[in-house]
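Work through these exercises with the structure open beside you. Try each task before you read its solution.

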Amino acid sequence: MNQIDSDRLKKIEKDIRDFYRQQSWLVRLYQKIKFKICPLLPLESYFPPEGTILDLGCGQGLFSLILYLGSPKRKIIGVDLDEKKIEKAKELVGSIQNLSFTRQDIIQDDYPAVDAVALIDVLYLLPYETHLHIFKKVNDCLPPHGLFLLKEMDTRPRWKYLWNILQETLAVKIIGFTLGSRFYFRSQKDMLLLLNQAGFQTKVINLHQGYWYPHIAYLCHKKT
Ligand SMILES: C[S@@+](CC[C@H](N)C(=O)[O-])C[C@H]1O[C@@H](n2cnc3c(N)ncnc32)[C@H](O)[C@@H]1O
C-alpha cells in the first residue's frame, strides 16, 4: 500500500471513530473489535470512487459507511436478511443521502443493476448449493469488467481456520449475534473454480498476516 492510500485509510478510520462517538458504548465496542480482528478498511480501496455499490449482507452498515466515507460520490445500497440489523443501520447511518438499507434475502431476491458488489463475511453462513447461484446473480447485475469483491475466511492456515470456527460458533450458535445454523467455508481452490464458472476473472488477496483469522479476499471482474 502506498503512502496516499495509507493516509486515506487513516482518515476514513478517524471519520468512522468520530461518527460512532455519539453512539452507545456497545455500538462503539462492536466497531472497535471489528477493526481489530478484521481488515475491513483496506478493502475500501478496491472499489471505484463513483457509481452504485451493492453491499450484500451489510449487517449494521459499517462497511457501507466505510465505502461512503472513502468517497461520498459513491451511492451504496445495503441489504441484509436480519430486520433488526437493517433497522440499526438505518438508525446509525440512514440519514446520509447516498446510503440506503433494505431487508432482503440475497438467495431469493433480485439484485438491482449496479457498478460493483461487496459480499463480506456472509457466504460461509449460506448453504453450499446457493453459492454458485449467488455468484451468477452478482455477475448478472454487473456491467462488463464490473467489480465483485468477495471476502471470506480461508481453510488455511489450519490453526487460524480452527480458531475461526471456535469464534464463529460462539457468535452464531451461542450468542446468536449472526443469523445461521452451520458453516459453509470453502478452500481457495474450490472458490476459484466456482467464481470462474460464474463468469469471473479472479485475483486472490491474502489478508491474514497479522491476524488470528484466515482472512482472504477474492477480487473478481466480470469476464466479457
Ligand atoms: C458476519 S455478518 C457480516 C456483516 C457485514 N458484511 C460485515 O462484514 O460487517 C453476516 C451477515 O449476513 C447476513 N445474512 C445471512 N444470511 C443472509 C441472507 N440470506 N440474505 C441477506 N443477508 C444474510 C446476516 O444477517 C449478517 O448480518
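**Exercise 1. The sheet**

In what order do the 7 strands of the open sheet stand, and what is the pairing?

Solution. Note before you start that this is a predicted model.
Step 1. Read across the open sheet: the order is 3-2-1-4-5-7-6. The pairing is mixed.
Step 2. Go to the edges. Strand 3 (99-103) and strand 6 (200-206) stand there, each with a single partner strand, so one side of each has no neighbour in the sheet.
Step 3. On average, neighbouring strands are turned by 20° against each other, direction ignored.

**Exercise 2. Two crossing helices**

Describe how helix 6 and helix 8 cross.

Solution. 
Step 1. Take helix 6 (residues 128-141) and helix 8 (residues 188-197). Their axes come within 9 Å and cross at roughly 45°.
Step 2. That angle makes helix 6 oblique to helix 8. The crossing is right-handed.
Step 3. List the contact. His131, Leu132 and Phe135 in helix 6 meet Leu194, Leu195 and Gln197 in helix 8.
Step 4. Sort these residues: 4 are nonpolar, 2 polar and none charged.

**Exercise 3. Two backbone exceptions**

Which residues does the cis peptide bond join? What is the phi of Asp121?

Solution. 
Step 1. Recall the background: most residues other than glycine have a negative phi, and most peptide bonds are trans.
Step 2. The cis bond joins Arg156 and Pro157, with omega about -15°. Pro157 is in the loop between strand 5 (147-153) and helix 7 (158-174).
Step 3. Asp121 is not a glycine, yet its phi is positive, about 55°. Asp121 lies in the loop between strand 4 and helix 6.

**Exercise 4. The ligand**

How many residues surround the ligand?

Solution. 
Step 1. The count is 19. The closest are Gly57, Gly59, Leu81, Asp82 and Ile106.
Step 2. Sort the shell: 11 nonpolar, 3 polar and 5 charged.

How values were computed: Residues are numbered from 1 along each chain as its sequence is written. This is a predicted model: local features need pLDDT of at least 70, side-chain atom pairs count only at pLDDT 80 or more; totals for chains, interfaces and linings use all residues. A residue is near a molecule or strand if its C-beta atom, placed from the backbone, lies within 6 Å of it. Ala, Val, Leu, Ile, Met, Phe, Trp, Tyr, Cys and Pro count as nonpolar, Asp, Glu, Lys and Arg as charged, and the others, Gly among them, as polar. Axes are lines fitted to C-alpha atoms, for helices over the stretch in contact, and angles run from 0 to 180 degrees between N-to-C directions. Helices (H or I, at least four residues) and strands (E, at least two) are DSSP runs, numbered from the N terminus. Angles under 35 degrees count as roughly parallel, over 145 as roughly antiparallel, 65 to 115 as roughly perpendicular and the rest as oblique. A crossing is left-handed if the near helix is turned anticlockwise from the far one by less than a right angle, and right-handed if clockwise. Two residues are in contact if their C-beta atoms, placed from the backbone, lie within 7 Å. Two strands pair if DSSP finds at least two bridges between them.
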